[in-house]
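Subject: Structure for you to look at

Dear colleague,

Here is the structure that I promised to pass on, and below it are my notes on what was found. Please read them with the model open beside you.

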Amino acid sequence: AEPSAEQRAQKLAQQAYEKVMESRRDASLIPWARSFIWQALQYDNHPLQWHVLAVRLALAQGQWGDAVFGADAGLQIHPNEPALVQAKAFALQQKGQGAQAFALLRQLLGTEGLSADDKASLLLQAADTALEVGQFEQGLVEVKQLHSLQVPGALERQQLLKAGVALPLA
């Protein structure tokens with residue numbers, strides 16, 4: 001009997017994960033892993049971890065447009081998923097669209113139900129993005145929230161934002 005779509009998806013995802021593990025020794029295997037995970041998503045597009053993996057693999061290869069596309073595809077099924085939003089924001093920054101990345105992060109920060117860890121991570125990324133794009137006053141809003149969460153590095157970011165010093169993208 002032919003394997004079901006779910007069985008095919010599981011097999012392809014497993015192959016993708018194997019290639020990811022092997023790519024730690026040989027980066028040339030990342031395109032194979034990307035191919036396998038995208039094929040798996042064609043059969044079953046619901047597993048969040050597959051969307052996140054597809055986007056992270058695109059980021060690892062510097063394929064910013066593919067990362068944005070993958071994050072958008074995942075966000076259609078998993079709206080407001082912090083891992084996908086943060087990956088998309090990072091890719092947008094790399095494409096020179098820092099203001100759009102900052103707006104995306106702030107939009108998610110305005111939603112309810114974020115875990116404390118997700119909120120802290122989003123606030124850090126938003127503050128750093130604000131520094132990069134020169135939106136110092138808006139970035140101070142995020143930094144004040146970082147202070148209330150007692151996140152390390154909040155004071156340093158506040159000082160940089162107040163000084164109006166734009167950081168280069170790392």
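Helices in these notes (H or I, at least four residues) and strands (E, at least two) are DSSP runs, numbered from the N terminus. Please keep in mind that this is a predicted model, in which local features need pLDDT of at least 70 and side-chain atom pairs count only at pLDDT 80 or more, while totals for chains, interfaces and linings use all residues. Residues are numbered from 1 along each chain as its sequence is written, and side-chain values use heavy atoms, with hydrogens and water left out.

The chain as a whole

The secondary structure comes to nine helices and zero strands, and the C-alpha trace spans about 65 × 35 × 25 Å along its principal axes. Of the 170 residues in the chain, 40% are buried, where buried means under 20% relative accessible area, exposed means over 50%, and partly exposed lies in between (1.4 Å probe, protein chains only). Among contacts with a separation of 6 or more, 56% are between residues 24 or more positions apart, a contact being heavy atoms within 4.5 Å.

Helix 6

Helix 6 covers residues 98-109, twelve in number, and reaches 16 Å from its first C-alpha to its last, close to the 16 Å expected at 1.5 Å a residue; the expected span is 1.5 Å times one less than the number of residues. Its buried residues are Gly98, Ala101, Phe102, Leu104, Leu105, Leu108 and Leu109. Seen down the axis of helix 6, these buried residues fall within an arc of 160 degrees, so they line one face of the helix; the arc is that of the directions from the helix axis to the C-beta atoms. What covers them includes helix 5 (82-94), helix 7 (116-133) and helix 8 (136-148).

His78, in the loop between helix 4 (64-77) and helix 5, is buried, with a relative accessible area of 18%. Its side chain reaches the backbone oxygen of His46 at 2.7 Å, and, leaving aside residues up to four places away in sequence, His78 touches His46, Pro47, Leu48, His51 and Leu84. Gln93 lies in helix 5 and counts as buried at 8% relative accessibility. The side chains of Gln93 and Glu132 are joined by a polar contact of 2.5 Å, that is, a pair of N or O atoms within 3.5 Å, of which, within protein, one must be able to donate a hydrogen and the other to accept it, and for residues adjacent in sequence both must be side-chain atoms.

Aromatic pairs

The structure holds three aromatic pairs, where rings of Phe, Tyr and Trp (its six-membered ring) pair if their centres lie within 6.5 Å, and planes under 30 degrees apart count as stacked, over 60 as edge-to-face and the rest as tilted. One of them, Trp32 with Phe36, is tilted, at 6.4 Å centre to centre and 35 degrees between the planes. Trp32 and Phe36 are four residues apart in helix 2 (residues 30-43), and are therefore separated by about one helical turn; Phe36 counts as buried at 15% relative accessibility. Trp64 and Phe90 have ring centres 6.0 Å apart and planes at 75 degrees, so this pair is edge-to-face. Because Trp64 lies in helix 4 and Phe90 in helix 5, the pair ties together parts that are 26 residues apart in sequence. Trp64 is partly exposed at 23% relative accessibility, and Phe90 is partly exposed at 33%.
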